[in-house]
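Please work through each task before reading its solution.

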Amino acid sequence: MRVTDARGRQVAYVRKKKFRLREDVPVFTGEDQRDLLFRIRADRA
């Protein structure tokens, strides 16, 4: 999943086989997955 701003610039990138919130989902600034922007973590299973 790519997230872009109103001008079409990429602001975030997530790569998962299935998007399930029961997992730890890292969100990166770009497709190179070098710079971690934040993590989405489920607090309940």
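**Salt bridges and exposure**

Asp24, Arg39 and Arg41 are joined in a network of salt bridges, a salt bridge being a side-chain nitrogen of Lys or Arg within 4 Å of a carboxyl oxygen of Asp or Glu. The model is predicted, so local features need pLDDT of at least 70 and side-chain atom pairs count only at pLDDT 80 or more, while totals for chains, interfaces and linings use all residues. Residues are numbered from 1 along each chain as its sequence is written, and side-chain values use heavy atoms, leaving out hydrogens and water.

**Exercise 1.** Determine which parts the pair aspartate 24 and arginine 41 ties together.

*Solution.* Step 1: the side chains of aspartate 24 and arginine 41 meet in a salt bridge at 3.3 Å, N to O. Step 2: aspartate 24 lies in strand S3 (residues 24-28) and arginine 41 in strand S4, so the pair ties together parts 17 residues apart in sequence; strands are DSSP runs (E, at least two residues), numbered from the N terminus. Step 3: strand S4 spans residues 36-41.

**Exercise 2.** State how the side chains of aspartate 32 and arginine 34 meet, and classify arginine 34.

*Solution.* Step 1: these side chains meet in a salt bridge at 3.0 Å, N to O. Step 2: arginine 34 is exposed, at 65% relative accessibility.

How values were computed
Helices (H or I, at least four residues) and strands (E, at least two) are DSSP runs, numbered from the N terminus. Buried means under 20% relative accessible area, exposed over 50%, partly exposed in between (1.4 Å probe, protein chains only).
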